[in-house]
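Let's walk through a structure together, one feature at a time. Have a look at it first, and then we'll talk.

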Amino acid sequence: MNNFKSKAMRAFFLVLWMPTALLAQETVTVEQALIKCKKLYPNDFEAKKRLSCFDSINTPKELLEEAANTLTNSPEQAHSVNSAPVITPAIAIEKPSPQLSYLERKWRLTSQGDWNISDFETYKSNYLLITKTNNTNDVPQSPSQLNNVDRNLDDKDLKFQISLKTEVMNNIPLIRNLPYVTSSRIWAAYSQQSNWQVFDSKASRPLRENNYEPEIMLSLGIDNQVNGEKKHYIPRMLNLGLVHQSNGRSNPTSRSWNRLYLESGWELTDNVSLMVRPWWRIPESEDDNSDIEKYLGYGDMAIRWEDDNRKNAATLTLRNNLRGDNKGYAQLDLQRQVLNNPYLKLHLMASTGYGASLLDYNYDQTIFGIGISLGE
């Protein structure tokens, strides 16, 4: 009888002890998972990888051994293991960041929403517009490419642009440890703008112009906070880029140029951002458009506004040659979300000046367009 009571008491205490032991094991497992993944991916750029690492760990025994070696170095941490405090996985997840600004979303200046390398996303606007010009460039010319072929163009186009970028590298050594740098990424991008004479049935609806624009850039996020407060006079980002642009035509309508640029982005308010991009043209031995800087200038700037719900946006792009003859260009893009789809926008465009396309770099015209765009 006494033997039965003794066995019953041991079983009773075993039942009481098992949940506590399992809880202690689970607690150390979670805590050590955090330590291990934080060591593997210490930077904020790698938050997504750190979370994936945490989710993938399923070897409690190994983690307990590592926890013992790690936590015994700190009396406070050793005490926490013995007392088996409850640490839930929710503690491991970083607190949600406030709503990201346009620049932060567009250039991944924080770890929130980080994608895998090789994923494609929108770069410039992706749109499909019906446009009408007040002045068709029927006989395009340049100083080195004289032309007398009259194209007799229709004044309406179906204009579309495809523009994508992908991250090639992030968290770049040497750069990531620079003061005030919050992110470092290398991007590869490709944009193509086309003008299609789809309404000109008599001329068999030709594609009158294609502009091809591959690009590579180094993008740096910059800490623009002082004592925890954003300062609008400090740039939020810097881009250093190399871009080629050409229309793929043969002479006399061949056009191309290569540029190096330095682009700065400011968050003027929570809803307004400013991008300023001066460039330097790389000289060419055979130049189809030697006077292109006279018309397209030495840089551009874009100011963008969006409402708090990101349903409406307006972007004004400006260029000027900063010379006495004052050759310039201005384009206004208005976007409004439709069908309750954040990626589908009604798009209105109006532009005036030189360089609506590369073939028209030295031609002044005013264009209005309406259609749809995808993304931002």
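**Reading the contacts**

A: Arginine 277 is buried, and aspartate 300 is buried too. Buried stands for under 20% relative accessible area, exposed for over 50%, and partly exposed for what lies in between (1.4 Å probe, protein chains only). This is a predicted model, where local features need pLDDT of at least 70 and side-chain atom pairs count only at pLDDT 80 or more, while totals for chains, interfaces and linings use all residues. Residues are numbered from 1 along each chain as its sequence is written, and side-chain values use heavy atoms, with hydrogens and water left out.

Q: What do the side chains of arginine 277 and aspartate 300 meet in?
A: A salt bridge is a side-chain nitrogen of Lys or Arg within 4 Å of a carboxyl oxygen of Asp or Glu. Here arginine 277 and aspartate 300 form one, at 2.7 Å from N to O. The pair links distant parts of the chain, with arginine 277 in strand 10 and aspartate 300 in strand 11 (residues 299-306), 23 residues apart. Strands (E, at least two residues) and helices (H or I, at least four) are DSSP runs, numbered from the N terminus.

Q: How many salt bridges does a search of the whole structure find?
A: It finds 21. In one of them, the side chains of glutamate 167 and arginine 108 meet at 2.3 Å, N to O. Both glutamate 167 and arginine 108 are buried.

Q: And how do I read a pair of rings?
A: You describe it by the distance of the centres and the angle of the planes. Rings of Phe, Tyr and Trp (its six-membered ring) pair if their centres lie within 6.5 Å; planes under 30 degrees apart are stacked, over 60 edge-to-face, and the rest tilted. This structure holds five aromatic pairs. Tryptophan 107 and tryptophan 187 make an edge-to-face one, 6.0 Å centre to centre with 85° between the planes. Tryptophan 107 is in helix 6 (residues 102-107) and tryptophan 187 in strand 4, so the pair ties together parts 80 residues apart in sequence.

Q: Which charged end sits over the ring of tryptophan 187?
A: A charge sits over a ring if NZ of Lys or CZ of Arg is within 6 Å of the ring centre and within 35 degrees of the ring normal. For tryptophan 187, it's the charged end of lysine 165, 4.7 Å from the ring centre.
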